[in-house]
Amino acid sequence: FFSAPPPGWGARRPPWPRRPPRPSAVAGHCWRREDSMLNYTYVGPTLLVVPLFLISLVNLFIAGPPLKTVVLNSNGPTYGARLPFMQLHVQGGTARFSLSPKDEMTHFFVITCYAQSVDGALSYDAQVVGKRPGAAPASLVHESTAGGRATHGGEQGRLSGKQGSDKAGAHALQMLQPLLGYSEYDVTIVAKDGARAATSLPPMEFRLTYVPTRFTNTQVLIRAFFTCTSLCMLALYLAAMAGARAEPGQLWMLALLVLLLGVNDPLYIARVVMGGNAPMYAASVLAQILFSGGLFLFWLVYADSMAEAEAATPPPGCLRLFPKLALVGTYVGVSAAMFLLHGRVPDRINVTDAEGLGDSVQRYLVYALSASVVAVGVWLSVLIARVIRNLGWKKVEYIYTEREKSFVGITMVFVILWLSGHVYRAVHGRRGSWMQLQMPFLTLTNSYLGMLAHAFWPGARGDGAGAGQEGDDDEP
């Protein structure tokens, strides 16, 4: 639309052409510009919101609840209950669960027991044993709530025990056990009165919470779909880059499309088929951490590059990149260390009451992780605010290309929707709400990366107002 700026204009382009281009060239450039503006300004947010609406319908009518809970009450020293996938036998001061997760339970199970109106100190010893045909039983976890704190005897489970009485006067134990590929899990809970084993259990309520297969099978289908679409998008992007000169933004998109495969988690299907696998789960979580770190770094680098249009003498590239690498590297390192050392942070954690944060190392990791995420958000907000100021207040939209304006608009809508989901979860969410939000967040991320890939497609015209720089003598 405009010719190349004369010397002295720097990065700013004149709002008028130096010589009138031919009408055919003007028509072609105008059509491409208007089409780009329509796609990214109006249709863009719609392409992020509509898939979220559709996946919400899938969550509501097809996937079902993410968690199921079986509640059992024992009113005496002897009690028994039986379901197709579970048996409970209470005798004296011992309660034994025998669980067969096949066709009913997936990912993990949580066993909780409450004792009401107990006189004196009551603690619990809990042990989990995994069994599979043709192999010796394997001890997975041996834990105790004696002394008011849970001591972990294994690395494959998490126990949250409370010694003493809460407002309801209950002595409680809660234990989460991931499924690790065993066909049967035996859970033994022994009550202790001080240092001695209790002769009988008081009236107790037992709860077994697990992820049902219906919800998991829906996630398998959704993740398989997004894995296939991301692979196709990556193959097409590589084919397009083979015949065009790669730009820095396109190299960033190629890296993000590779990391997107980790977010879609093709190992999820393998874990479900195998009945759980700890190394595969760890690999999936680390891949998601790497993707979020790469996305943060791309945001900071690209938004900062847009500010060069205002700077007469921008600083060297290494000075601009090193602080961003240090900040994002801190986020990735702290997130990976927290997961590898302490597992996934619970859905709704109370910093003042959570037993796990009594560990100073974990507490400092939480502080470092929170500080790094807030720093990324503040830095990105400052950069985007400068861009919006130029686009709105200073009315100098010709500084930025259509690709850059598309990046700002799509990213703002993505961040707003992402934050809205987390705010809703924090205010109205219940236990397991994060699992129900996994598919909406997965859909939002894939839609966002798809739109960015379209905006940064190799060989596509993304200059917008400066499209005419390719020459006034181009043939129509």
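Helix α2 and helix α3 (residues 248–264) pack at an angle of about 160°, and their axes lie 9 Å apart. That angle is over 145°, so α2 counts as roughly antiparallel to α3. Please keep in mind that this is a predicted model. Helix α2 spans residues 213–242, and its axis also comes within 9 Å of the axis of helix α4 (residues 267–274). Here is a short tour of both contacts.

**α2 with α3**

- The crossing of α2 and α3 is left-handed.
- On the α2 side, the contact is made by Arg223, Phe226, Thr227, Ser230, Leu231, Met233, Leu234, Tyr237, Leu238 and Met241.
- Their partners in α3 are Gln250, Leu251, Met253, Leu254, Leu257, Val258, Leu260, Leu261, Val263 and Asn264.
- Sorted by class, the residues of this α2–α3 contact are 15 nonpolar, 4 polar and 1 charged.

**α2 with α4**

- The axes of α2 and α4 cross at roughly 150°.
- Helix α2 passes α4 in a left-handed crossing.
- Thr216, Gln219, Val220, Arg223 and Ala224 are the α2 residues in this contact, and they meet Tyr268, Ile269 and Val272 of α4.
- The α2–α4 contact holds 5 nonpolar, 2 polar and 1 charged residues.

**A residue to look up in both contacts**

- Arg223 of α2 is listed in the contact with α3, and Arg223 is also listed in the contact with α4.

Terms used:
Residues are numbered from 1 along each chain as its sequence is written. This is a predicted model: local features need pLDDT of at least 70, side-chain atom pairs count only at pLDDT 80 or more; totals for chains, interfaces and linings use all residues. Side-chain values use heavy atoms; hydrogens and water are left out. Axes are lines fitted to C-alpha atoms, for helices over the stretch in contact, and angles run from 0 to 180 degrees between N-to-C directions. Helices (H or I, at least four residues) and strands (E, at least two) are DSSP runs, numbered from the N terminus. A crossing is left-handed if the near helix is turned anticlockwise from the far one by less than a right angle, and right-handed if clockwise. Contact means heavy atoms within 4.5 Å. Ala, Val, Leu, Ile, Met, Phe, Trp, Tyr, Cys and Pro count as nonpolar, Asp, Glu, Lys and Arg as charged, and the others, Gly among them, as polar. Angles under 35 degrees count as roughly parallel, over 145 as roughly antiparallel, 65 to 115 as roughly perpendicular and the rest as oblique.
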